[in-house]
Amino acid sequence: MDVIGERINGMYTDIKKAIQVKDKGPVQETAQKQIEAGASVLDINVGPATTEKADAMVWLVEAVREVTDMTLAIDTASLAAMKAGLEAAGGSLIMNSSKGDAKSLDKFLPLAKEHNASIIILNINEEGVPSDVDNRVAISMFGLAKAMEYEVPIEHVIIDPIILPVNVAQDQPQKILDAISQIKTLSDPAPRMVCGLSNLSQKCSNPKLINRTFLAMCIANGMDMVIADATDKELMETIITSELLMNKSIYCDGYLEAYYA
Amino acid sequence: MPLPDVTEKWSGSINEVVLGTGEGSITVGGQSTLPFLDFEGATPNKTIVAMEILDTAPTEWSEVTTDPFDGVMNDPVEWAQKCIEDYGAEMICVSLNGIHPDFGDLPAEHALKVVDSVANAIDVPLMIWGSGNADKDNTVMPLVAEALKGKNALLGSADEGNYKTLVAACQMAGHNIITESPCDINIAKQVNILVTDDGFPLDRIVMYPTTGALGYGFEYIYTIIERGRLAALSGDKMMSPPVICRVGPEVWRVKEATAPLADQPNWGDPSERGPMWESLTAGTLLMCGGDIMIMRHPQAVKNMKQLIGELMNVG
């Protein structure tokens, strides 16, 4: 499973401050830590640090590119900031993200094609996040059809089912698991799937435990990527062990060490 | 309608390991594809054929395998030179059988004399196997490693229960190491973890998964090597060392290779049957990913080198 390190985000105070005073140090340090902990993609999000989203995105991307060639996920809802981020980053890119409606996809998919980037398509359209499996699958299907229309290969499409807080919508996690399985059968090759876990446990008392337990269930149903803090060791070890149980890696007594080697 | 592209795109590759020094050095491994699928990735180095000699003249080898070495088996140097000059060995493997407590219990001095004289007489890379007796090997192999310092040799073997001494010896003297596992992919990976945990570089490891002879659970061995290779190509670093196959010693103890015509009149002439059994065993191991073949009979060596040459030249 690819872990998209979520920590380079202007909503965290250290990154926010770094963006505001243009100090690359904390950004690059955070990037290194995420990579060392096992992240294989770094999410880049300006967050609420500034209103000059595009400029801040370029600065942030350039700061990270100085220390790694790793795949970057340009995380913004602004088309201008997305364009600026993609151009600054060069190759190896994920666009995070586009909503699953025609209006958004018509804006973002041409960019994915132009930059040969992967694109995360959210399970949300004009009517919001669907509460049933069928509509989740339908939005994903629509996204795939649109991607084909814009000649973005299915291998570059990543579906995010959007996880809702368990304390608000307790029937949703199980429906998301069903949706993952069904979306995985929509095409061959199947689109990849990603989830942002933190939403699941908002304002819950055991957020990390809830997150990693659900992630194990997601992996069993075919989830490929997760947006998370890679320095959360228990989460990482849950991923490594889940993949082992899914026969995706070879067991040995030191399988955890082997992962970090 | 265009044909869909069904080629695999691998993220990992097999480690390259350099054996020997100077012009005589050889690189093995480095593949970024399953064996010979040149449309999916590169095979930068060919599989090499090492020939096996013993520190003391063998007493139990079949005549079919002693005839080609008539007159030289009492002298490891002459034996090694014959393998290289007459039979085209690309590497020499010395098995120190004579130091085993049950097969002569010869002292370390004997082993040192053999490896030193062979090392100085040949230009091809050298591989040394201990006797398989852990206590004796732990006494002798560090001295062997020290004596061969600077030769960039390949020494074996480290297993799950006994690896620390050999690891330290190879590290101090700058050699490469063979990690051994008993036909068990989980242990194969574990030994590599243990050895690298001790600080030994992964790119100086060659794996010996215990290879066996055709007819003796061979499909199991095949799938273990193949699965290891698939894992390595998918990015599992601990499964990415090249693989060594001990073909000669394993083939020449099974009856299909050695039984005399009098015992098995329907099996054909053992002087053809034995080398063919060894050739087919090695050829099959080549298909699942063997990088170094340790072989015994000159005809089998010839067959194998021809097969490797032809497969490397396809496309």
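Colleague: How many residue pairs are in polar contact across the interface of chain A and chain B?

Modeller: A polar contact is a pair of N or O atoms within 3.5 Å; within protein, one must be able to donate a hydrogen and the other to accept it, and residues adjacent in sequence count only if both atoms are side-chain atoms. Across this interface the rule finds 5 such residue pairs, both residues at pLDDT 80 or more. This is a predicted model, in which local features need pLDDT of at least 70 and side-chain atom pairs count only at pLDDT 80 or more, whereas totals for chains, interfaces and linings use all residues. Residues are numbered from 1 along each chain as its sequence is written, chains are lettered from A and ligands numbered from 1 in the order in which they are written, and side-chain values use heavy atoms, with hydrogens and water left out.

Colleague: How many salt bridges does the rule find across the interface of chain A and chain B?

Modeller: A salt bridge is a side-chain nitrogen of Lys or Arg within 4 Å of a carboxyl oxygen of Asp or Glu. Between chain A and chain B the count is 0.

Colleague: What is the area buried between chain A and chain B?

Modeller: Buried area is the accessible area (1.4 Å probe) that two parts lose on being put together, summed over both. Here the value is about 920 Å², and carbon and sulfur atoms give 57% of that area. On the side of chain A, the most area is lost by Ile250(A), Cys252(A) and Ala261(A), together 54% of what that side buries.

Colleague: How many residues of each chain are in contact?

Modeller: Contact means heavy atoms within 4.5 Å. By that rule, 10 residues of chain A touch 14 residues of chain B.

Colleague: Where is Thr258(B) placed in chain B?

Modeller: Helices (H or I, at least four residues) are DSSP runs, numbered from the N terminus. Thr258(B) belongs to helix H9, residues 255–258 of chain B. The side chain of Thr258(B) reaches the backbone oxygen of Val254(B) at 3.2 Å. Leaving aside neighbours within four places in sequence, Thr258(B) is in contact with Ser62(B), Trp252(B) and Arg273(B).

Colleague: Why does Thr258(B) count as partly exposed?

Modeller: Buried means under 20% relative accessible area, exposed over 50%, and partly exposed in between (1.4 Å probe, protein chains only). Thr258(B) counts as partly exposed because its relative accessibility is 27%. In chain B as a whole, buried residues make up 53% of the 315 residues.

Terms used. Helices (H or I, at least four residues) and strands (E, at least two) are DSSP runs, numbered from the N terminus.
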